Amino acid sequence: MKIFSESHKTVFVVDHCPYMAESCRQHVEFDMLVKNRTQGIIPLAPISKSLWTCSVESSMEYCRIMYDIFPFKKLVNFIVSDSGAHVLNSWTQEDQNLQELMAALAAVGPPNPRADPECCSILHGLVAAVEALCKITEYQHEARTMLMENAERVGNRGRIICITNAKSDSHVRMLEDCVQETIHEHNKLAANSDHLMQIQKCELVLIHTYPVGEDSLVSDRPKKELSPVLTSEVHSVRAGRHLATKLNVLVQQHFDLASTTITNIPMKEEQHANTSANYDVELLHHKEAHVDFLKSGDNHIGGNSREGTFKETVTLKWCTPRTNSVELHYCTGAYRISPVDVNSRPSSCLTNFLLNGRSVLLEQPRKSGSKVISHMLSSHGGEIFLHVLSSSRSILEDPPSISEGCGGRVTDYRITDFGEFMRENRLTPFLEPRYKIDGSLEIPLERAKDQLEKHTRYWPMIISQTTIFNMQAVVPLASVIVKEAMTDEDVLNCQKTIYNLVDMERKNDPLPISTVGTRGKGPKRDEQYRIMWNELETLVRAHINNSDKHQRVLECLMACRSKPPEEEERKKRGRKREDKEDKSEKLGKDYESDKPWQESERLKGILDREKEELAEAEVIKDSPDSPEPPNKKPLITMDEMPTVEKAKGPMSLLSLWSNRINTANSRKHQEFIGRLNSVNNKAELYQHLKEENGMETTENGKAGRQ
């Protein structure tokens with residue numbers, strides 16, 4: 001069914017009764033030259049607009065924004081109501097412009113304050129509005145022509161905006177009842193006509209406007225459904241700029257518009273051509289231009305206070321690098337814009353700048369980090385568009401590799417296993433119908449979702465977070481436990497897998513435990529198997545509700561986990577032996593590390609004592625009372641040399657080295673004959689001279705005459 005929304009048709013009904021000629025009592029300064037006024041000239045009194053003028057200006061601003069953003073398929077019908085209904089335009093596209101409406105309103109003129117109020121009523125305009133909604137637009141006629149025999153499938157919806165000065169809440173209810181009855185009557189007429197369409201849905205927006213400073217006699221009321229066809233809401237608004245602000249908010253609600261404020265726009269001052277200042281311009285556009293902000297959660301929404309009201313707007317910053325040339329940007333959407341304050345100098349300068357062929361890039365305001373250019377303003381064919389630029393990775397680019405690990409992300413994903421997982425869960429055409437146990441037809445899509453849910457009940461994504469999926473021995477169990485129904489052979493294979501794991505634990509085989517982020521050797525062998533059994537139990541328990549055979553696999557697993565007492569005692573003895581070996585290994589390492597230090601300390605003490613003895617000998621030698629040393633150093637025999645075995649106490653490094661040198665030298669020459677024949681290590685010299693000359697040789701070797 002092709003449904004035209006309520007925003008396709010909008011009927012404005014503006015009250016033209018005498019009471020609308022009353023002043024809104026919001027004064028506007030007419031004489032602005034206060035400082036340069038000549039002496040003696042009386043300033044001009046401030047002026048104020050009438051309720052009629054405020055209503056016309058606000059409704060024209062509503063239409064201007066709608067025409068700027070939706071030049072086609074959004075239509076307005078303007079009706080003025082006094083003693084009768086005056087329809088100012090039609091649903092044709094040629095009448096849909098501000099010039100036609102302004103010319104028609106000028107022809108109507110302001111309300112006559114001296115006219116009879118009893119002859120004027122807003123009801124004439126509301127009845128004419130219902131008649132206008134029943135008429136067919138060009139777009140509806142085109143859709144009906146295309147559908148031909150299914151023309152009734154084209155919907156007809158609309159909205160009525162009535163601006164009046166109501167007397168009370170009961171007066172408002174009377175207006176709503178009138179509209180409801182009129183819709184009911186005209187739907188009966190449209191049912192029997194080929195040129196009219198029944199109203200399927202109508203929104204009535206009643207705006208009660210009153211002068212500033214007076215109390216409102218009508219209370220606000222949110223949207224309320226009066227019938228399946230009619231909904232109504234009431235707004236009580238002061239005239240003047242308050243009414244303009246209310247219609248500005250309503251046009252955003254009715255046409256799904258959003259606000260964007262362009263900040264830091266450099267603009268030269270009028271008084272000082274050499275200086276420039278930064279200005280802000282608020283733009284309205286379709287809210288889809290902010291979809292990327294809403295998805296990312298980075299809204300950049302700020303408050304714009306206007307006459308005490310809070311208005312949400314997205315703030316974007318003017319980007320200094322701008323260009324005249326047409327550059328190709330990766331654009332995801334383009335939406336027409338309309339300035340909120342169209343007559344202000346900043347808005348006029350910005351629109352003229354863009355209409356001259358310039359493009360402006362807009363960036364998201366950020367306190368830190370690199371700037372992100374998210375939008376661009378550019379004109380095409382005399383219309384200004386807000387382009388949404390892709391601030392994320394383009395779909396035309398290759399996606400990043402999952403193993404790159406940019407920004408410290410996890411790099412040990414189970415990529416190969418995930419590829420296998422995708423192959424096992426591919427969607428294929430399912431031609432043959434299947435039935436469930438209860439006899440109902442099984443929907444292939446639901447069956448695929450159910451299978452995907454079973455396969456992902458326990459599926460770790462990271463290698464370091466799993467043990468069983470890194471073991472080839474667990475593959476037979478992990479591949480069949482996810483089935484909806486298992487056979488006896490599947491149960492037998494699962495039991496064999498569990499028994500193999502028990503045998504591995506008995507043999508104390510190593511497991512592929514990840515040691516990433518841990519110090520030392522990691523968990524002990526018993527701890528590794530405990531982790532493995534816990535994970536395997538988690539996997540099996542996730543599927544025990546599938547069938548009774550899954551429960552049998554869990555029972556087998558739990559039976560194997562509950563070890564007999566002698567097995568526990570053997571494990572305990574093994575743990576004690578491992579602890580003892582670890583302790584002895586640690587002590588051995590400590591002794592080996594202390595031994596070189598102790599040996600070096602002992603040698604250091606021996607060398608210090610040798611140095612002290614040498615120093616003492618030098619002192620004795622240099623003293624004056626010391627005897628003259630002999631000319632020759634007396635030689636000592638090998639018998640006088642203390643051997644290593646006879647030496648008592650620790651031997652110095654010097655003694656060890658001297659003994660080694662003396663032993664080596666003694667093998668290289670023949671020992672002196674006198675030393676060999678000596679008595680008490682004393683050898684008598686020149687014995688042949690004594691025998692020949694008869695001279696005695698004294699003990700000290702000096703000869704004398706007899």
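## Exercises: a cavity and a helix pair

The largest cavity has a volume of about 40 Å³. This is a predicted model, where local features need pLDDT of at least 70, side-chain atom pairs count only at pLDDT 80 or more, and totals for chains, interfaces and linings use all residues. Residues are numbered from 1 along each chain as its sequence is written, and side-chain values use heavy atoms, leaving out hydrogens and water.

**Exercise 1.** Work out which residues line the largest cavity.

*Solution.* Start with the term: on a 1 Å grid over the protein atoms alone, a cavity is a set of points where a 1.4 Å probe fits but cannot get out, and lining residues have an atom within 4 Å of a point. Next, pick out the lining: Thr164, Ala166, Val172, Leu175, Leu206, Ile207, His208, Val218 and Val234. Then sort by class: seven are nonpolar, two polar and none charged. Finally, look at the elements: α5 (169-191) and β7 (201-210) each supply at least two lining residues, and β7 gives the largest share, three residues.

**Exercise 2.** Decide how helices α1 and α6 are arranged relative to each other.

*Solution.* First, take the geometry: α1 (residues 51-69) and α6 (residues 241-254) pack at an angle of about 30 degrees, with axes 9 Å apart. Angles under 35 degrees count as roughly parallel, so α1 and α6 are roughly parallel to each other. Now find the contact (heavy atoms within 4.5 Å): among its residues are Cys54, Tyr62 and Ile65 of α1, and Leu243, Leu247 and His254 of α6. By class, this contact has eight nonpolar, five polar and no charged residues.

How values were computed:
On a 1 Å grid over the protein atoms alone, a cavity is a set of points where a 1.4 Å probe fits but cannot get out, and a pocket is an open set with protein on both sides within 12 Å along at least five of seven lines; lining residues have an atom within 4 Å of a point. Grid points are joined across faces, edges and corners, and a volume is the space filled by probe spheres set on the points. Helices (H or I, at least four residues) and strands (E, at least two) are DSSP runs, numbered from the N terminus. Ala, Val, Leu, Ile, Met, Phe, Trp, Tyr, Cys and Pro count as nonpolar, Asp, Glu, Lys and Arg as charged, and the others, Gly among them, as polar. Axes are lines fitted to C-alpha atoms, for helices over the stretch in contact, and angles run from 0 to 180 degrees between N-to-C directions. Angles under 35 degrees count as roughly parallel, over 145 as roughly antiparallel, 65 to 115 as roughly perpendicular and the rest as oblique.
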